[in-house]
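Dear colleague,

My notes on what was found in it follow directly after.

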Amino acid sequence: MSDNAPFEIQEEIIKRLPIRSLIRFQLVSKAWNSLICSRAFIADYSAPHPQLQHLLVRYDDGHTSMPIYSSVVDDHTLPNNQRVSLTPPPLVNWLRHSIITGSSHGLLCLRCFYGDADRYGLGTLMAVIWNISIRKAIAVVVSNEPDGEIYITFTGFGVCPETSDPKIVKITQINNWSDAESVTLIPWQVEVFTVSSGVWRSPYSTNLPRKSVQFSRSQVVVDGFCYWLATDRRTLDPGFKAYNLIISFHMTREEFTEVSLPEHLVYDGFVDYLNISNLRESLVVLDQNTQENVCYVWSMKDGASKLFTKLFTIYSPDATLLRVLEFMKSGEPVIEIVDNDADPCFVPSLLAIYEPKSKHISNLGFNGRGSFYVHSYKETLLLLDQPDFTVYAKGKGYIIKQRAEIISLLKHTSKV
């Protein structure tokens, strides 16, 4: 690019480059690097050409100790297009027994417990935010964990659509309902971490969830809201000890609200058989019937009433339907199944695409051991301005280049 061109013209041209080119062009000059890494450029970056949507697939193949990460382009060529093996950054690879909290704006959030024992549920809770496109990740120590015998901590994740600031939401709830009578106030019930500030704080709004609400791990971000499936353990009607609902969290205003489920799902047992997902920026509820081997897909319509309508039913006559994991941009669900004719001594699960109109099932070519995670994402520059190997703890950012250093950091900060 000619140095004679005004820098404003250069900036407009740079904005239209794909992400891989932008990463290389950081090395061209200090001015370009400063522009590309600026928060304003990262937040406003958009390419004029349609960005490809990808499917991130995480699974265990039964032969390796670490999960495998792959990516495929979500377009009309599926399931015939080629998968790309991903090499996660060290902060992701250092995780043990991690759970994917959620995904938003091209970022993936994982959580696990760090400690000497490396066992789930023991140690300090840590969240890792990963930009898949630029292979950059940061870690966040989830602070202020109260008594583990009485309370349990859940996290949610999303990106504020107005500021492009990634946020982690920490929710503390009563673990055993038998302790509810003795608890008048849940300590640090809700806290929010923003990457721009690097610290935990109280949410803007004070309308926190009732202490009787129990969150599930089923979480999804749709159109600026973070949603969770939940159960309210209050006794409202004779004969019912709890009812199911959806809790939403506005990523900008940081307000909690309640969304009613379809009537027949409100009192129909616990939410374990339910899931929620994002279908073309609409919230959908997945009602799975394992006895009938089907899953009913309900979509929430816009408007104050937030009513649900049934879209279609997923049938799997020749295979056992385990889970609905994600929806492609075409609206077709990605499902995990087990072939009914498989060898009973070794029964791997498969990833497949279900076509609602034809009811045809196409194998995606992934075989695993019942531990698939699938998330849609598009390329983004978010986290580009963050230093590599950054771990946030107690309001400070630390550069950590060895896993053992994280354990040492946690021991040190726990005494502060």
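Apart from neighbours within four places in sequence, Ser362 is in contact with Pro79, Leu351, Ala352 and Ile353. This residue belongs to strand β23, which covers residues 360-368. The side chain of Ser362 also makes a polar contact of 3.3 Å with the side chain of His360. Please bear in mind that the model is predicted.

The aromatic residues deserve a separate paragraph. Across the whole structure, a search returns 11 aromatic pairs. In one of them, the ring centres of Tyr69 and Trp130 are 5.2 Å apart and the planes stand at 90 degrees, so the pair is edge-to-face. Since Tyr69 is in strand β2 (residues 68-73) and Trp130 in strand β6 (residues 124-131), the pair ties together parts that are 61 residues apart in sequence. Tyr69 is buried at a relative accessible area of 5%, and Trp130 is likewise buried, at 1%. One aromatic cluster is formed by Phe215, Trp228, Phe249 and Phe256. A ring also takes part in a contact with a charge: the charged end of Arg83 sits over the ring of Phe366, 3.8 Å from the ring centre.

Finally, Asn293 is placed in the loop between β17 (283-289) and β18 (294-300). Its relative accessibility is 19%, and because buried means under 20%, Asn293 counts as buried. Beyond four places in sequence, Asn293 touches Ile314, Ser316, Ala319, Thr320 and Leu321. With Ile314, the C-alpha to C-alpha distance is 8.7 Å, at a sequence separation of 21 residues. A polar atom of the Asn293 side chain lies 2.8 Å from the backbone nitrogen of Leu321.

With kind regards

Definitions and conventions. Residues are numbered from 1 along each chain as its sequence is written. This is a predicted model: local features need pLDDT of at least 70, side-chain atom pairs count only at pLDDT 80 or more; totals for chains, interfaces and linings use all residues. Side-chain values use heavy atoms; hydrogens and water are left out. Helices (H or I, at least four residues) and strands (E, at least two) are DSSP runs, numbered from the N terminus. Buried means under 20% relative accessible area, exposed over 50%, partly exposed in between (1.4 Å probe, protein chains only). Contact means heavy atoms within 4.5 Å. A polar contact is a pair of N or O atoms within 3.5 Å; within protein, one must be able to donate a hydrogen and the other to accept it, and residues adjacent in sequence count only if both atoms are side-chain atoms. Rings of Phe, Tyr and Trp (its six-membered ring) pair if their centres lie within 6.5 Å; planes under 30 degrees apart count as stacked, over 60 as edge-to-face and the rest as tilted. A charge sits over a ring if NZ of Lys or CZ of Arg is within 6 Å of the ring centre and within 35 degrees of the ring normal.
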